Amino acid sequence: MPQPMKRSARTLWVPLSIFLLVGLLWALTPYLISRMGQLGDQFGSVNALFSGLAFAGILVVLWRHREEYAAQQASIKTQMKLLSDVIAAQTEASSSATQAARGQAFAFAAGIIQSDKARMARRLVFKLLRDKDFTLWSPAEQAQAEIVCHSFDQIGIMIKNGMVKPQTLIDGWYASIVESWKILEPFVRSRRKEFGAENLGAGFRYLFDEVKKIKKAEADRLTNYQSYPIPGR
C-alpha cells in the first residue's frame, strides 16, 4: 500500500508545482517590469501568462507520458519475470517427468534381458550353439535362439526410439549382447531369407552396432589419454 500512495502524491504535486511556478512568474512580471521602468509593458504579461501556461501544459503532458512509459516498462518486466518463472517451472517438471520415464524404460529393458526365460536361452546359446553350425540346430535350439534374438531386438527398438540410452546397458550386458549377435547373426540372416523379411532382427543389429560404437569411443579416449604427455616427464 505505501507504494501506490507515494506514486499518487507524486502524480498530483509535479504538475501542480509546474503551474504554481508559472503563476508565480506571471505575478512577479509587473513588479519586474516596473523595476526596469517599463510599466506600460505590463499588459503584455497576459500574453506571457498564456504562453507560460501552454508551456507548462506541454511539460505536464511530457511528464505524464514519461510516467506512463516507466509504468509500462515496469509492468513488462514483471510479466517477463512471471513468464520466465513459469517456463522454468515447466522445464523442471518436464525434465523430472523425462527422467522418471527413462528410469521406467530402463527398468523395463532390464526386466526383458534379465527374465528367467531370456537368461536360460542365452546360457544355452553360449554353451551349445557357439561352435555349432546353425543348419544343424534342433527345433528346440532354434526356439531358444529366437528367444535371445527377440529379447535383444526389443531392446534395440527401444534404444532406436530414444526410450533407453545404450550407455546404460554397457556395464552389465555388453559382452552378452556382442557374443549373442556373433553367434546368432547367421541364424538371423537365414530367417530373413526364409520369411522374406529384411527387417527381421534389425533392432538386435542396431543394438549390437550401438554398443560396439560406444566401446570403441571409450577405447579411443583411453588411448588418447594414455598417449598424452605428462608434464615433468
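E185 and R205 are joined by a salt bridge, with 3.6 Å between their closest N and O atoms. A salt bridge here is a side-chain nitrogen of Lys or Arg within 4 Å of a carboxyl oxygen of Asp or Glu. E185 belongs to helix α5 and R205 to helix α6 (residues 202-227), so the pair ties together parts that are 20 residues apart in sequence. Helices are DSSP runs of H or I with at least four residues, and they are numbered from the N terminus. R205 is partly exposed, at a relative accessible area of 29%; the term covers values between buried, which is under 20% relative accessible area, and exposed, which is over 50% (1.4 Å probe, protein chains only). E185 and R205 also belong to a network of salt bridges that includes R189 and D209.

The structure is a predicted model, in which local features need pLDDT of at least 70 and side-chain atom pairs count only at pLDDT 80 or more, while totals for chains, interfaces and linings use all residues. Residues are numbered from 1 along each chain as its sequence is written, and side-chain values use heavy atoms, with hydrogens and water left out.

Helix α5 spans residues 167-195 and also holds R191. The side chain of R191 forms a salt bridge with that of E146, at 2.8 Å from N to O. This pair links distant parts of the chain, since R191 is in helix α5 and E146 is in helix α4 (residues 139-160), 45 residues apart. The two partners can be compared by accessibility. R191 is buried, with a relative accessible area of 13%, whereas E146 is partly exposed, with a relative accessible area of 36%. Beyond its neighbours within four places in sequence, R191 is in contact with Q142, E146 and L200, where contact means heavy atoms within 4.5 Å.

A further salt bridge joins D220 and K216, whose closest N and O atoms are 3.1 Å apart. Both residues lie in helix α6, and because they are four residues apart there, about one helical turn separates them. D220 counts as partly exposed, at 35% relative accessibility, and K216 counts as exposed, at 53%.

For the structure as a whole, a search finds 10 salt bridges. Among them are the pair of E185 and R205, the pair of R191 and E146, and the pair of D220 and K216.

Methods. Helix = DSSP H or I, 4+ residues; strand = E, 2+ residues; numbered from the N terminus.
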